[in-house]
Amino acid sequence: MKKRNFIKKAVYPGGKKALIEFVKKNLKYPKEALKNKIEGDVLIKFKVNPTGKTFDIHTVNNIGYGCDKEAIRIVKKLKYSSALNRKIRVTTTKQIVIKFNLPKTTTLKIQYHITK
């Protein structure tokens, strides 16, 4: 038997891959987190209104050092497609994990001696 969903939930335009790209493109690693070498995941819960705007954004797990504020800033910028549900306005609850990984810096040291 096929499961039917009569209520369509808000979906990010382009799907999960587009959402991940949006987060990567807009993520600015907080200076305080860089200075203290903080890495981790921030879980954010939020709601999407019938027009696709995010609201009621809060963190579920925090890692601090400005990462939580940055994750909330990104979620505020998200714009979901509005779902038409037989003229019923539906608010969708979503959650997202934003990963903070320190940028990889490779320092290459070259030592050489000139001999004549």
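# Salt bridges, a helix and aromatic pairs

Asp56 is partly exposed, with a relative accessible area of 42%. On the scale used here, a residue is buried under 20% relative accessible area, exposed over 50%, and partly exposed in between, with a 1.4 Å probe and protein chains only.

Before going on, some notes on the source. This is a predicted model, in which local features need pLDDT of at least 70 and side-chain atom pairs count only at pLDDT 80 or more, while totals for chains, interfaces and linings use all residues. Residues are numbered from 1 along each chain as its sequence is written, and side-chain values use heavy atoms, with hydrogens and water left out.

Back to Asp56. Which residue forms a salt bridge with Asp56? The partner is Lys47, and the closest N and O atoms are 3.6 Å apart. Lys47 is also partly exposed, with a relative accessible area of 30%. A salt bridge here is a side-chain nitrogen of Lys or Arg within 4 Å of a carboxyl oxygen of Asp or Glu. In general, side chains of opposite charge can pair when their charged atoms come close.

How many salt bridges does the structure hold? There are 3. Another of them joins the side chains of Asp41 and Lys99, at 3.4 Å from N to O. This pair links distant parts of the chain, since Asp41 is in strand S1 (residues 40-48) and Lys99 is in strand S3, 58 residues apart. Asp41 has 32% relative accessibility, so it counts as partly exposed. When I say helix or strand, I mean DSSP runs numbered from the N terminus: H or I of at least four residues for helices, E of at least two for strands.

There is also a salt bridge between the side chains of Arg73 and Glu70, at 2.7 Å from N to O. Both residues lie in helix H3, 3 residues apart, which is about one turn of the helix.

Next, helix H1. It covers residues 15-26, has 12 residues and reaches 17 Å from its first C-alpha to its last, close to the 16 Å expected at 1.5 Å a residue. The expected span is 1.5 Å times one less than the number of residues. Which residues of H1 are buried? They are Leu19, Phe22, Val23 and Asn26. Why do they fall on the same side of H1? Because they cover an arc of only 95° around the axis, the arc being that of the directions from the helix axis to the C-beta atoms. The face turned away from the buried side carries the exposed residues Lys17, Lys24 and Lys25. The buried residues of H1 pack against helix H3 (67-77) and strand S3 (92-100).

Strand S3 also holds Lys94, which counts as partly exposed at 23% relative accessibility. Leaving aside residues up to four places away in sequence, Lys94 touches Ala10, Ile44, Lys45, Phe46, Val48 and Tyr80. Contact means heavy atoms within 4.5 Å. The side chain of Lys94 reaches the backbone oxygen of Ala10 at 2.7 Å.

Last, the aromatic rings. Rings of Phe, Tyr and Trp (its six-membered ring) pair if their centres lie within 6.5 Å; planes under 30 degrees apart count as stacked, over 60 as edge-to-face and the rest as tilted. By this rule there are 4 aromatic pairs. In one of them, Tyr29 and Phe100 have ring centres 5.7 Å apart and planes at 80°, so the pair is edge-to-face. This pair also links distant parts of the chain: Tyr29 is in the loop between H1 and helix H2 (31-35), and Phe100 is in strand S3, 71 residues apart. Tyr29 is buried, with a relative accessible area of 16%, and Phe100 counts as buried at 0%.

The ring centres of Phe46 and Tyr80 are 6.1 Å apart and the planes stand at 45°, so this pair is tilted. Phe46 is in strand S1 and Tyr80 in the loop between H3 and S3, 34 residues apart. Phe46 counts as buried at 2% relative accessibility, and Tyr80 is buried with a relative accessible area of 6%. Phe46 and Tyr80 form one aromatic cluster together with Tyr12 and Phe22.

Terms used:
Polar contact = N/O pair within 3.5 Å; in protein donor to acceptor, adjacent residues only side chain to side chain.
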